[in-house]
Amino acid sequence: MDLIELEIMKMEHGVSYTNSYAVILLEKNGNRTLPVVIGSNEARSIAIGLEQMETPRPLTHDLITNIFDEMNVVFEYVHIHKIVDGIFHAHIICKNEDTGVSHAVDSRTSDALAVAVRV
């Protein structure tokens, strides 16, 4: 199976649900988009990561990247691997630099994107 590389194109306030947002992912070197509906807290965290804003204390997604750094783990990519009942399922693909072993860590797509924009 070939992977399709995506990038965050924009975030929009959701119209279907209150306090929801859509992260619009754009196919790199293509025209297709993939809207992913997320909650307001996740949208805020993604926006903070995209804007590289400083926070007084680490947010949860900052904590994850700090743990990766301390444990010599390299973030590789987010793999959105299936959709079930309208919900996207993702893995954070990362590699332990000491052992060379890659891992697929189950994640909500919004959390995986919030980590991705920080690395």
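Which residues are linked with R108 in a network of salt bridges?

1. The model is a predicted one. In this model the network of salt bridges joins R108 with E42 and D111. The contact between the side chains of D111 and R108 has an N to O distance of 2.9 Å. R108 is partly exposed, at 47% relative accessible area, whereas D111 is buried in helix 3.

2. Helix 3, residues 109–116, is mostly covered, with seven of its eight residues buried. Besides D111, the buried residues of this helix include T109, S110 and L113.

3. A further salt bridge joins R118 and D62, with the closest N and O atoms 2.7 Å apart. Because R118 lies in the segment after helix 3 and D62 in helix 2 (residues 60–70), the pair ties together parts that are 56 residues apart in sequence. R118 is buried, with a relative accessible area of 18%, and D62 is buried with a value of 18%.

4. The sheet is open and consists of three strands in the order 1-2-3, with antiparallel pairing. Strand 1 (6–13) and strand 3 (33–39) each have a single partner strand, so one side of each is left without a neighbour in the sheet. The twist from one strand to the next averages 25°. Seven bridges pair strand 1 with strand 2 (residues 20–27), and M11 stands opposite V23 of strand 2.

5. Helix 1 (residues 40–51) packs on this sheet and touches strand 1, strand 2 and strand 3. The direction of helix 1 makes about 115° with that of strand 3.

6. E27 and R32 form a salt bridge through their side chains, at 2.9 Å from N to O. E27 counts as buried, at 14% relative accessibility.

Definitions and conventions. Residues are numbered from 1 along each chain as its sequence is written. This is a predicted model: local features need pLDDT of at least 70, side-chain atom pairs count only at pLDDT 80 or more; totals for chains, interfaces and linings use all residues. Side-chain values use heavy atoms; hydrogens and water are left out. Two strands pair if DSSP finds at least two bridges between them. Helices (H or I, at least four residues) and strands (E, at least two) are DSSP runs, numbered from the N terminus. Axes are lines fitted to C-alpha atoms, for helices over the stretch in contact, and angles run from 0 to 180 degrees between N-to-C directions. Contact means heavy atoms within 4.5 Å. Buried means under 20% relative accessible area, exposed over 50%, partly exposed in between (1.4 Å probe, protein chains only). A salt bridge is a side-chain nitrogen of Lys or Arg within 4 Å of a carboxyl oxygen of Asp or Glu.
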